[in-house]
Amino acid sequence: MHLLRVENLSVSYLTESGEVPIVDRMSIKMGMGEILGVVGESGSGKSMMALAIMGLLSPKMRMRADYINLDGEDLMKMSVEDRAAYVASKAAIIFQEPQASLNPCFSIASQLDETIAFHGGGGRADRKTKALELLDDVGINRPDLVLKMYPHQLSGGMNQRVAIAMALACEPRLLIADEPTTALDVTIQSQIIELLVKLSRAQQSGLMLITHDFALLSENTDRIGVVYSGQLMEHAATENILSSPHHPYTKALLDSIPQLGDRHVKGSRLFALDGNIPAIDQLPVGCRLGPRCPKAERQCVNTPELRSIENYGKVRCHLASVSSVNKAEADS
Amino acid sequence: MIHSPQFYQQSVIPSTVSRWTNNFLKNKLALSAFVLLALIFLVALFAPWIAPYDPAIQFENTKLPPAWYDDGMARHLLGTDDLGRDLFSRLVHGARLSLKLAIFVVVIASSIGMLLGSLSALSNVWIDQIIMRVMDLILALPSLLLAIVIVALIGPGLPNAIYAVAIVLIPHFVLITRNAIKAELGKEYVTAMMLDGATKVRLFTHSILPNILPSVIVQITLAFSTAVLEIAALGFLGLGAQAPYPEWGTILSESHAYITIAPWTVALPGLAIFFTLLSINLVGEGLRDAMELEQ
Amino acid sequence: MTSIIFRQFLLLILGLFTLTLFTFGISQLFPDPLILSDAHAKTINDSLIENYFNYIAFLSQGEWGLSRISGRSVLDEFFIYFPATLELTTIAIIFALVLGLPLGIYAAENKNKWQDKLIVSTTLIGYSMPIFWWGMLLVLLFALTLGISPVASRIGFEYDILPVTGFMLIDTLLSDQPYALAAFQNALQHLVLPTIVLGTIPLAIFTRVTRSAMIDALSSDYIRTAKAKGLPYDRIIWSHALRNAMIPIVTVIGLQISVLITGTLITEKIFAWPGIGKWLLEAVYRRDLVTLHGGLLAIASLVIIVNIAVEVLVHLVNPKLRHKK
C-alpha cells in the first residue's frame, strides 16, 4: 500500500504563445511513513510538482496526470472542491519563506486556532491546549508567549517552526516541505530538518523533502528523486544513489559537495558541470542534460526514457543500461 | 557553453528602452489612446487652419444644432452657441488653449517640483524638513480650494489660475524626486560607484536619473491630466479663463444656462474634455505598465 | 500604541502650526489686512511674532471675523453650511465604498478575464470624467428629460423643515410635521444625483485600489498556506486576503477627503446645494477675504485632522506598524 503514487504528472505554464512545459511526465511513489528527498537545481520544476500534487498551482498553470493516488484515493477523479478538502485532510505543505507564508495581519494564536478549528475543532479551551501542545512539539520554548505574537516579531527559524506546527494541526498523512531551510541560517537548517524527520518518524507520516542541497538529504531520507529541467532523472533508495549513482547528473551533483574532515583529499577540486540549466523554451534535442553531460555520446540526441534497473531503481539515461556510470569511471 | 557547439537558439536581450517600447506597442488600448491623443495635439497645433471660422465671430443663426440634425446647417458642423458662434471652431481653438495651458503648467510644476525634491533629498535635515512640511500643507489643502483661494487673492483670470494649478501640482513631483533619490542613494551599487570614485554629477546622471525617470514620466502624464481638468474646472466656476475665451470649461459654464434649449452646447465641450482626459490617462496607464512600475 | 498616538498628535500640532503660519502669512502679505474683531484690531502692532500670537489667540477664542457679505460671524456661518456638505460627502463616500470594495474584489478574483477588463476600463472612464460635465449630463437626462429626479437643492420647497442637526435626513425624521416621512423620502431623492456625481471619482479609485491590493494579497505565500490548510474560499477572500488588502485601502480612503472637498465645490454649484462649496464660491465671487480665510482654515484643519486619524487607523490595521517603537 502506497501513501502517494503519482503517474505521468505534467505541469505547463500558459503564455500568449502557447503552453510552456515545466514538469514533464513525472512519476513518483512514496510508501507509508517513508521519507523521500527530491533534489534539483532552482527552476528544475520540483516545487511545481509539489504544488501540483497539493492543487495549489496558480491559474496560469495547467496540470495533467494519469493519476495522483494519495492514501488510496485518486485526486484526478475528484471535483475541484472535493479534491481541495481531501488533500487538506491528508496532506500539508510548508514553504521556503516562513515569514511570507504566515499571514502578517493575524497573531500566531488566531492562525493556529483557525487551522485547529477547521481540522477536528473542539471547544475554545481545547483548541488553545492543542495549539500550545503543537508549539511545544515543534520545539518552541515559551509557547504561551509565542502564541500572542505576530509573524514579523519572530525570527525565520521560529516562523518555520510555527509553520510546521500549523501543518501538523492538519494531522497530515503526508507532509511536503518545499525548501524548508533555504531561507534560514545554517545552524537552524539542521535543527529544522531533524525536527521534520523526528516528527515524521514519530507519527508514521510520509515526508517529502524538496531541496537543492544534496547534503541535507543523505542522512535523513529513505529514497531520493533527482530532478533536472522538469524531468525525473533518477529515483532510487538513498544508499544506492549515494554509493553508485547511475545518472551522470546525480554523479555531478554528488561530486560538487565539498568533503570536510577525513574525507577531504588535499588538492582535490570540486566538480562542476559546464553551462547552465537550459531555458524551458530552449530545451536541447534528446536528453535534456545532453550539451552539458561529460559522458554524452551520439545516441544521447535520442530522448531517453525512465527505465528500471534491477536491484537499483529508475534511471533516465541511455548509458545506464550498458554499465553503471560509476563502473565506467573506475575502468578509465 | 564553451564546449558545446552553438547550434542551440541564442537569446538577444533587448535594451530597457526598446523593451518599454515593445511593451507599450503590445498594449492595444494604450496605443489607440496614444493615437487619439496625438490627433488632439495635431488639432491643437493646426487649430487656426482646421477651424473654419474665428472662434469669436457671431453668426445670425444662434443655437443652431449640429449638421446631422434636420434643422442643422452644413457650414456649422457642430452647430452654434447662444451667441451664434461656430461651436466646432470654438472647440478646436479650445483644444489649442487647453493643451497649451496644461503643458505650461506641467513644465513649471515639474521643473520646480524636481528641483525642490532634489534639494530636499541632498541638503541637510532642516531644509528637507521645511520643504516637506510646506509640501504636506499643500497636499492637505484640497487642490481646487487652494486654487480658488489663490485666484481670490490675486484676482480671477487666466494667468492667475495657471499659477494656482501649477502650485497645486508641485508637491507630487517633490515627493517622487525626493523619495526616489533617497532610495537610490541607499542602494549598494551607488555606494560601489562612490567607492570607484564617481563624481557627483556622474552619480546623478548615471544612477539616479535613469532610475527616477519612469516614475517622473508617469507623474507627468498624471499631472497633465489633472492640469487639463483643473483648468477646465476653474473655467467652469468662472475663475479661470474669462467669457470670450474659447476655453472648454468656460464654454461649458456659458452654455450651462441653455442646457434644455441647446443640449449639444453642453454635451460637445464636455466630450472634448472627457476624451482628452481619457486618452491621457490611458497613455499614462500604458506607460506605467510598459515601464513595469508598481501601481 | 501610546507612542504612536503621541507621535501623530505632535504631527497634528505641527500641521496646524504650518497651516496657521500660512494663513497668517497671507493675511500679512495682502494689502487688505485681516481683522478678526475690534479687540484684534487694537492688538496689531509692528512685531510680526507678537501679531502671530495674537492672531492665534483670537482664532482659538472662536473670533474668526465677520463675513463681509452677511455680517455674521464666519465660524457660525461655517457651522450653518457645514452639515449639508458633511451629509453629502458622507453619503458619497459610503456609496463609493459599498460599490467599490465588492467590485474591486470581484475584479481581483477574475483577474485578466473579461469581467476584470470591463471593470478596469469602466473605472478609467469614471476616473476621466470631468464631474461638472457628468453632473450636467445626469441632470439633463434624469431631471430635465425623464423627470424622475429633482433638479437641485436639498429638499422640495413645499416642505418646511426646522434645522435641528443640519443633516436633512435626520431633521426630516425629527420633524413633527405630518409630512415628515414624505419629506425624508424627498430629501433622499434630492441626494441621489449629487451622490453619484460626487462619488464617481472616489468609486473609481476605491475599485482600482481594492483590485490591486487584493491581487497582491491573493498572490502572496500566506494565501497559498491558507489554501493548503483547506480553508473555505470565502474565508480566504474575506478574512485572509481582505484583512491585508485593507492596509492600502484605508490609506487611500484617507486621501479621498481632499478629492471630495474639491468635488463638493463643483457638485454644490451644479445642484445649488447650500453647503460649504456654495458658501466659499459666493465669497470668492464677492471677494470676501474674511470668509475665505475662515473657510480655508476650517477645511484645511479638518483635512489635517482626518489625515492624522486615518494614519492612526492605518497603524491599527497593520500589526507591523503597531509594534514599531
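Burial in chain A comes out at 52% of its 332 residues, where buried means under 20% relative accessible area, exposed means over 50% and partly exposed is in between (1.4 Å probe, protein chains only). This is a predicted model, in which local features need pLDDT of at least 70, side-chain atom pairs count only at pLDDT 80 or more, and totals for chains, interfaces and linings use all residues. For bookkeeping, residues are numbered from 1 along each chain as its sequence is written, chains are lettered from A and ligands numbered from 1 in the order in which they are written, and side-chain values use heavy atoms, with hydrogens and water left out.

The C-alpha trace of chain A spans about 70 × 50 × 40 Å along its principal axes. Of the contacts in chain A with a separation of 6 or more, 64% come from residues 24 or more positions apart, a contact being heavy atoms within 4.5 Å.

Accessible areas come from the Shrake-Rupley method with a 1.4 Å probe, and for residues only the protein chains shown count as cover. As for charge, chain A carries 33 positive and 39 negative side chains, and the centres of the two sets lie 1 Å apart. Here Lys and Arg count as positive and Asp and Glu as negative, while His and the chain ends are not counted; each charge is placed at NZ of Lys, CZ of Arg, CG of Asp or CD of Glu.

Chain C is built from 13 helices and zero strands. Its C-alpha trace spans about 75 × 60 × 40 Å along the principal axes, and 54% of its 325 residues count as buried. Residues 24 or more positions apart make up 70% of the contacts in chain C with a separation of 6 or more. The accessible surface of chain C is about 15,000 Å², and 68% of that belongs to carbon and sulfur atoms. The 23 positive and 21 negative charges of chain C have mean positions 16 Å apart.

For a residue-level look at chain C, take C:Thr200, which sits in helix H8 (residues 180–218). C:Thr200 counts as buried because its relative accessibility is 11%. Leaving aside residues up to four places away in sequence, C:Thr200 touches C:Gly126 and C:Trp134.

UniProt, in an unreviewed entry, lists "domain: ABC transmembrane type-1" for residues 82–314 of chain C. UniProt positions are given in the numbering used here, feature names are shortened, and annotations may be inferred rather than shown by experiment. Residues 82–314 of chain C are 79% helix and 0% strand, with end C-alpha atoms 27 Å apart.

In chain B, the UniProt annotation "domain: ABC transmembrane type-1" (unreviewed entry) covers residues 95–284. That span of chain B is 83% helix and 0% strand, and its end C-alpha atoms lie 19 Å apart. An unreviewed UniProt entry also gives "transmembrane region" for several stretches of chain B, including 101–122 and 257–283. Residues 101–122 of chain B are 100% helix, with end C-alpha atoms 32 Å apart, whereas residues 257–283 of chain B are 74% helix, with ends 34 Å apart.

Technical notes:
Helix = DSSP H or I, 4+ residues; strand = E, 2+ residues; numbered from the N terminus.
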